Amino acid sequence: MLYFASFRELLGVGNEDLQIPSGSTVGAVLERIKKVHSELTETEKMLVAVNGSFVESGLLLNDGDVVAFFPPVSGG
Amino acid sequence: MIEIRREDFSVDEVVEGLLTDRMGAVVTFVGVVRDSSNGKPVDHIEIEVYEEMAYKQLEAIRDEAIENFGVEEVSVIHRYGVLNVSENIMMIAVGAAHRGEAFEACRYVIDNIKKRVPIWKKEVTPDGESWVEGEKP
């Protein structure tokens, strides 16, 4: 899992390995993360990317996928 | 050219890298650090980037702009790290045969960067620091 910006600061970590059962959806991983990190409550404002692309929460994850969670972007 | 880097850039450098003989118009947009935000003075900003994904998204936005507006080429350069007031943050340059499509494509690129490219700004003021809230796409 990768975390960026305010999420990274909130969790105190930018990168962590989580063992997820194969065939899990992105949504299930999100629930797992919220259990591990109770600080993360504002999921409404959370974006999820898998391997560098935005995805929906129903997407099934494969072995070795890089999942990133972050707040809405503010570059430019 | 799509580039994400810490170092500053010059507008001339980016435009020179973009130009071809087919272009009759080049539109540029430069984003710089403002000295205030919502009425509060800003001392400096810090920019964080998810670099691998940001390159992927910027390349996709460039390709869409070329496809949708028929422009010749699009360059984007975006900085990260600590940036002081009036420093360059980012630049877009669009080269096209004519001005109309160049202006439209440039607007499309900046609007999509603000929605889709994983880059975040933190503003540091005398009262403390805060992340700039982006809009959810």
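Analyst: We may begin with one bridge: V27(B) has V94(B), in strand 8 of chain B, as its bridge partner. This is a predicted model, in which local features need pLDDT of at least 70, side-chain atom pairs count only at pLDDT 80 or more, and totals for chains, interfaces and linings use all residues. Residues are numbered from 1 along each chain as its sequence is written, while chains are lettered from A and ligands numbered from 1 in the order in which they are written.

User: In which sense do strand 2 and strand 8 of chain B pair, and over how many bridges?

Analyst: Two strands pair if DSSP finds at least two bridges between them; strands (E, at least two residues) and helices (H or I, at least four) are DSSP runs, numbered from the N terminus. Here, strand 2 and strand 8 (residues 88–96) of chain B are antiparallel, with eight bridges.

User: Which helix packs on the sheet and touches strand 2, strand 6 and strand 8 of chain B?

Analyst: Contact requires C-beta atoms, placed from the backbone, within 7 Å. Angles run from 0 to 180 degrees between N-to-C directions, with axes fitted to C-alpha atoms, for helices over the stretch in contact. Helix 1 (residues 11–18) of chain B touches these strands, and its direction makes about 30° with that of strand 8 of chain B. Helix 2 (residues 51–69) of chain B also packs on the sheet, touching strand 1 and strand 6 of chain B, at about 150° to the direction of strand 1.

User: What is the strand order of the open sheet in chain B?

Analyst: The order of its four strands is 1-6-8-2, with mixed pairing. Strand 1 (2–5) and strand 2 (25–32) of chain B each have a single partner strand, so one side of each lacks a neighbour in the sheet.

User: How many residues of chain A are in contact with chain B?

Analyst: In chain A, 15 residues are in contact with 23 residues of chain B. Helix 1 (5–11) and strand 4 (67–70) of chain A are the elements giving two or more residues to that side of chain A.

Conventions
Contact = placed C-beta atoms within 7 Å.
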